[in-house]
Amino acid sequence: MRARRFNPLHLAGWLFADMLLVLALVAMGDQGDPQAAEAGAKPSASASGRPTPSKSPEHKGPRAVTRTPVKVSIDAAQGDRDRIEKRLRAVTEKYRGRQAAFVLTFGRNSDPGAGGAYAHQVNSLLTKARPDMFRNATTRDFWKGAATGGHADIKIYFYTYAN
């Protein structure tokens, strides 16, 4: 009678299951604690005994990014930085007080290089036009074919708070 030999291939399934468990634990550990965020938003008592209001009582829940972008457009000649900045201020005025997560800018031009350069120029002026809105926002420059230049279509994805 022959003795069975140890085959490491039999442990492959257990190794896969253990690695999947570790991956799940790491993913769960990466998530924020909504109860701790809620506790931090409650007013605290000051030295006088009166509660001190929190800094942002209107925000509840974790921060997320909206799925639907806000679409705006500007028209200004390439290189006219003042006009681009003024147009950016004008088209984003009604969204004042919100913070952008990321921005996709499509520079229109018949030449892909010039269209991408125009989109880059527009994106470089976002923080100058609205510092609070576009601070730390991720931007991407794209080209969109058109007969003439000097036009940009902008998609802004804002942060939102889940309730």
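Here is a quick briefing on the fold, the confidence and two packing spots in this chain. The model is predicted, so to speak of local features takes pLDDT of at least 70, side-chain atom pairs count only at pLDDT 80 or more, and totals for chains, interfaces and linings use all residues. Residues are numbered from 1 along each chain as its sequence is written, and side-chain values use heavy atoms, with hydrogens and water left out.

**Overall layout**
- The chain has 6 helices and 7 strands (DSSP runs, H or I of at least four residues and E of at least two, numbered from the N terminus).
- Starting at the N terminus, the order is α-α-β-β-β-β-α-β-α-α-α-β-β.
- Of the 163 residues, 25% are buried (under 20% relative accessible area, with exposed over 50% and partly exposed in between, 1.4 Å probe, protein chains only).

**Confidence**
- Mean pLDDT (the predictor's confidence in each residue, from 0 to 100) is 82 for the chain, and 79% of residues reach 70 or more.
- Strand β2 (residues 51-52) sits lowest at a mean of 52, while β4 is highest at 96.

**Strand β4**
- β4 (residues 70-75) puts V70, V72 and I74 on its covered face, and K71, S73 and D75 on the uncovered one.
- β4 pairs antiparallel with β7 (residues 151-161) over 6 bridges (pairing takes at least two DSSP bridges).
- V72 stands opposite I154 in β7.

**Helices α3 and α4**
- R81, I84 and L88 in α3 meet Y118, Q121, V122 and S124 in α4 (contact is heavy atoms within 4.5 Å).
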